[in-house]
Amino acid sequence: MNLRQLRQFVTLAETGNFHRAAEQLHMAQPPLSVSIRKLEEELGCPLFERTTAGVLLTPAGEAMLADARITLLHAERCRHAVQDVRSGEGGLVKLGIIGSATYAMLPELIPSLRARYPKLELELSEATSSEILEGLLTRRFDAGLLRYPVLDPSGFEILPLDRDDFVLAVSENSPLAQRDAIALSEAAGEPFILYPTDKVPGLAALAMMRCQLSGFVPRVAQEAMQVHTIMSLVASGLGVGLVASVSRLMMPRGIKCLTLTDNPPGFHVGIALARLPGGNNRAVERFTEHVLRVARASAQGIPNPDSPV
């Protein structure tokens with residue numbers, strides 16, 4: 001039994017006539033009769049009762065018809081699924097994301113991605129930037145949204161999506177909270193809550209570099225890997241923290257973020273799309289094109305061109 005025979009069986013059952021079924025199947029009637037007879041011989045019982053007016057389904061044929069239609073439907077879905085993946089209109093993209101990508105970037109990307117490519121699926125996994133790069137190498141991820149700049153980008157394709165700056169998170173009970181902006185050098189005497197170098201080496205290096213560019217090496221009171229943990233420790237009065245300004249969107253109670261007035265020229269932090277070069281996954285290509293299109297629109301201050309109405 002094969003799909004061709006099932007399609008012939010269903011067509012004959014629906015038309016009730018060998019001649020009309022053969023016309024719909026674009027074949028001659030004798031080969032159709034032979035094919036149906038072979039199918040009946042394989043199953044060990046007749047599927048049709050032949051009459052002078054045409055054919056009628058036997059009880060065995062009635063029992064087979066519904067499942068035959070379902071089988072053909074699933075076969076057609078399989079064909080469409082493969083075509084969608086081949087064209088990039090469908091398929092699965094396994095995406096690693098840093099936590100701060102969920103503050104603004106993903107809420108902007110996902111609705112418009114679904115509107116433009118409704119058959120494209122995302123499998124999201126939160127991870128650190130270093131875990132995302134490792135996951136790309138092991139094929140755990142197809143792409144990743146990570147903190148930029150990357151310390152060692154060799155072997156990866158890194159596509160910057162946005163540009164951000166560090167801000168200084170302080171407790172609302174701190175005297176510094178009376179201000180809206182500050183030179184980071186003025187906070188040199190404060191205890192800092194920074195990122196652990198063994199867990200998030202890229203972000204830890206960027207924060208340390210930012211302090212050194214303002215003329216001091218920070219006194220590290222605590223280490224925390226996640227931005228919301230740093231914020232909680234800052235709110236508890238354990239120190240100050242350097243976080244990307246996008247973190248203001250998810251700022252907890254008891255925190256104030258101060259703009260830094262002594263940003264060195266050209267020093268920025270942001271989010272980039274990372275992937276391995278030379279891939280042939282069309283779904284990843286479609287996703288990348290969409291992300292870059294949305295990022296360009298955002299940088300130009302124009303509405304997302306793919307946002308659902």
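Analyst: One definition before we start: two strands pair if DSSP finds at least two bridges between them. With that in hand, take Ile97, which stands opposite Leu145 in β5. Keep in mind that this is a predicted model.

User: How many bridges join β3 to β5?

Analyst: There are 3 bridges between strand β3 (residues 90-97) and strand β5 (residues 143-148). The two strands run parallel.

User: What sheet has β3 and β5 in it, and in which order do the strands come?

Analyst: An open sheet of 5 strands, in the order β4-β3-β5-β13-β6. Its pairing is mixed.

User: Which strands stand at the edges?

Analyst: β4 (119-126) and β6 (157-160). Each has a single partner strand, so one side of each is left without a neighbour in the sheet. As for twist, the average is 30° from one strand to the next.

User: Which helix lies across β3, β5 and β13?

Analyst: Helix α6, residues 129-137. Its direction is at about 145° to β5.

User: OK, new topic. What is the strand order in the open sheet of 6 strands?

Analyst: The order is β8-β12-β7-β11-β9-β10. Here too the pairing is mixed. β8 (181-182) and β10 stand at the edges. Each of them has a single partner strand, so one side of each has no neighbour in the sheet.

User: In which sense do β7 and β12 pair?

Analyst: Antiparallel, over 5 bridges. Val167 stands opposite Thr259 in β12.

User: Which strands does α7 lie across?

Analyst: β7, β9, β11 and β12. Helix α7 runs at about 85° to β7. Helix α8 packs on the sheet as well, touching β7, β9, β10, β11 and β12. The direction of α8 makes about 150° with that of β11.

User: What about the inside? Which residues of the largest nonpolar core touch the most other members?

Analyst: That core has 38 residues. The ones touching the most other members are Phe166, Leu168, Leu184, Phe192, Tyr195, Leu242 and Val243. Several elements each supply at least two residues of this core: β7, β9, α7, α8 (227-235), β11 (240-244) and β12.

User: Let's zoom in. What does Leu168 touch?

Analyst: Leaving out residues up to four places away in sequence, the contacts of Leu168 include Ile182, Leu184, Ala187, Phe192, Val240 and Leu242. Cys257, Leu258 and Leu260 are also among them. A second, separate core has 35 residues, including Val93, Leu95, Ile158 and Ala283.

User: How many aromatic pairs does the structure hold?

Analyst: It holds 3. One of them is Phe166 with Phe267, a tilted pair. Their ring centres are 6.4 Å apart, with 35° between the planes. Phe166 is in strand β7 (residues 166-171), and Phe267 is in the loop between β12 (255-260) and β13 (270-275).

User: Are Phe166 and Phe267 buried or exposed?

Analyst: Phe166 is buried, and Phe267 is buried too.

User: Why does Phe216 count as buried?

Analyst: Because its relative accessible area is 10%, and buried means under 20%. Phe192 is buried as well, at 0%.

User: Last one, on the whole chain. How many helices and strands are there?

Analyst: 9 helices and 13 strands. The radius of gyration is 31 Å, well over the 19 Å that the globule rule gives for 309 residues, so the chain is more spread out than a compact globule. The C-alpha trace spans about 100 × 40 × 35 Å along its principal axes. Buried residues make up 45% of the chain.

Notes: Residues are numbered from 1 along each chain as its sequence is written. This is a predicted model: local features need pLDDT of at least 70, side-chain atom pairs count only at pLDDT 80 or more; totals for chains, interfaces and linings use all residues. Side-chain values use heavy atoms; hydrogens and water are left out. Rings of Phe, Tyr and Trp (its six-membered ring) pair if their centres lie within 6.5 Å; planes under 30 degrees apart count as stacked, over 60 as edge-to-face and the rest as tilted. Helices (H or I, at least four residues) and strands (E, at least two) are DSSP runs, numbered from the N terminus. Buried means under 20% relative accessible area, exposed over 50%, partly exposed in between (1.4 Å probe, protein chains only). Axes are lines fitted to C-alpha atoms, for helices over the stretch in contact, and angles run from 0 to 180 degrees between N-to-C directions. Contact means heavy atoms within 4.5 Å. A nonpolar core is a set of buried Ala, Val, Leu, Ile, Met, Phe, Trp, Tyr and Cys residues joined through side-chain atoms within 4.5 Å. The radius of gyration is taken over C-alpha atoms; the globule rule is 2.2 Å times the number of residues to the power 0.38.
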